[in-house]
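Welcome! Here is a short tour for anyone meeting this protein for the first time. Take a look at the sequence and the model, then read on.

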Amino acid sequence: MTEAVPHAMALVGDVGGTHARFALVVPGSVQLQSLKVFRCADFSGPGQAVAAYLKHVGPVTVREACVAVAAPVTGDVVTLTNNRWQFDTGHLAQRFGLDRFRLVNDYTAMALGVMHVPASQRVPVGGGGADPSRPVLVLGPGTGLGMSALVPAADGWIPLATEGGHVDFAPLDDLECEIARRLRAAYGRVSVERLLCGAGIMNLYRTLAEITGSKPVHDAPEQASAAAMAGNDELAARALSLFCDILGRVAGNSVLTLGSYGGVYLCGGIVPAILDFFMASGFRAAFENKGRMRPLLEATPVQVVLDGNTGLYGAAAALTNAGR
C-alpha cells in the first residue's frame, strides 16, 4: 500500500517591529491554518523564526511562501524598518526547500487582506456609501505607521506599496508647532510616524508634559492609553486626543492625495485597542476638515479593522494576486 503524499501547503507570514505571525494556507486560498504568533525579540532573524514555526506545526510539505514585512521591498534582501531582522529571499528559499519565496510590504498585504475581513470585524466611523470605482486607502498605527492603497482593476485590485507614514508632519496650531520644534531637536526631522505609532503616543505624552510643566508618570503607550481611557489622567487623555486628531488629518490628506473615495480602512494594533476613546474623539471632524474639499471627505466611509490576521490574509492573496 502506497503512503499518501501530504498535500503541499503555502507558508504565509506577517512580520512587524514587534510580532511575527505565521500560518499555512492551501495554495489559492486565504483560509488560515496552524496560526502562531512569535515575539521578534525572541529570535535573531527570520530563519530561526520560520524554523521554530515549522517545528511547531510538525511534518508538512511547503513549496512556496509569502511574507509581509514592515519595510520597503525593493529587492531580494530587505532589512526591517523597526526591527533588526534581515530577509534574504534566496537564502531562505534554499534553506527551507521552497520553489518560490515572495516578500511584500506589510501594508500591501494589509490592503489585499482587508477585502477578506468579515463585516463583523469592521467598525464604521461615519461617511456615506463606498464608491467601488474609486481607490481605497489602508493605513494604521502600530509599531510604525503603515499606509497603502488599492486601485480597482478589471480583474480585481492593484495594491500600491507606499511609505506614506514617513511624510513630514504639518503642525496645525501653536501647540503643534511647539511639539514639532521640540521633536525636531530630538530627531532632526519629524515625520507623521513620529506621532502616529506606539512610540508616537509617548512622544506626544512626554512633550506635552514638558510644555505644561507636568511630570510624566507612564513609561509605555499601553499605560498612557489605559490611563486616558480610564479618565483619571488629564495629560494622557490630552495626548491620546491629539493622537486621534492628527490621525484624522493625515487620513484625510491621504484620501485627497490618492483620490481614495472608495473608503478608508484603519488597521494596526492601536486603534482597536483604544476603540471606545477613538470613537468619541475628534478623528472624524479632523478627517473632514478640508475646506472646500469637505464634501468629498464627508461622503468617504471609514472603518476600523479589528481582525489581527488581516496581513496574513493579504500575504496569502499576494501569492495569486494578478495586480502585482
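How many positive and negative side chains does the protein have, and how far apart do the centres of the two sets lie? There are 25 positive and 27 negative side chains, and the two centres are 2 Å apart. Please keep in mind that this is a predicted model.

**Overall build**

- The protein contains 12 helices and 13 strands.
- For 324 residues, a compact globule would have a radius of gyration near 20 Å, and the value of 21 Å found here agrees with that.
- Along the principal axes, the C-alpha atoms fill a box of roughly 75 × 45 × 35 Å.
- Of contacts between residues at least 6 apart in sequence, 68% join residues at least 24 apart.

**Surface and interior**

- Of the 324 residues, 51% count as buried.
- The accessible surface is about 14,400 Å², and carbon and sulfur atoms account for 51% of that area.

- The protein has 9 salt bridges in total.
- One of them joins the side chains of Arg182 and Glu210, with an N to O distance of 3.3 Å.
- Arg182 sits in helix H4 (residues 174–187) and Glu210 in helix H5 (residues 198–212), so this pair ties together parts that are 28 residues apart in sequence.
- Arg182 is partly exposed, at 28% relative accessibility.
- Arg182 and Glu210 also belong to a network of salt bridges that includes Glu178 and Arg181.

**Arg294 and its two partners**

- Arg294 is partly exposed, with a relative accessible area of 30%.
- With Glu288, Arg294 forms a salt bridge whose closest N and O atoms are 4.0 Å apart; Glu288 is buried, at 14% relative accessible area.
- With Glu298, Arg294 forms another salt bridge, the closest N and O atoms being 3.9 Å apart.
- Because Arg294 and Glu298 are 4 residues apart in helix H11 (residues 294–298), about one helical turn separates them.
- Glu298 counts as partly exposed, at 36% relative accessibility.

**A buried charge without a salt bridge**

- Asp106 lies in helix H3, which covers residues 106–114.
- Asp106 is buried but has no salt bridge, and the nearest side chain of opposite charge, Arg21, is 11 Å away.
- Leaving aside residues up to four places away in sequence, Asp106 touches Asp14, Ala68, Val69, Ala70 and Ala71.

Definitions and conventions
Residues numbered from 1 in each chain as written. Predicted model: local features only at pLDDT ≥ 70, side-chain atom pairs only at ≥ 80, totals over all residues. Heavy atoms only, no water. Helix = DSSP H or I, 4+ residues; strand = E, 2+ residues; numbered from the N terminus. Buried < 20%, exposed > 50% of the residue type's maximum accessible area, 1.4 Å probe, protein only. Lys, Arg positive; Asp, Glu negative; His and termini not counted. Contact = heavy atoms within 4.5 Å. Rg over C-alpha atoms; globule rule 2.2 N^0.38 Å. Areas by Shrake-Rupley, 256 points an atom, 1.4 Å probe, with all protein chains shown as cover. Charge placed at Lys NZ, Arg CZ, Asp CG, Glu CD.
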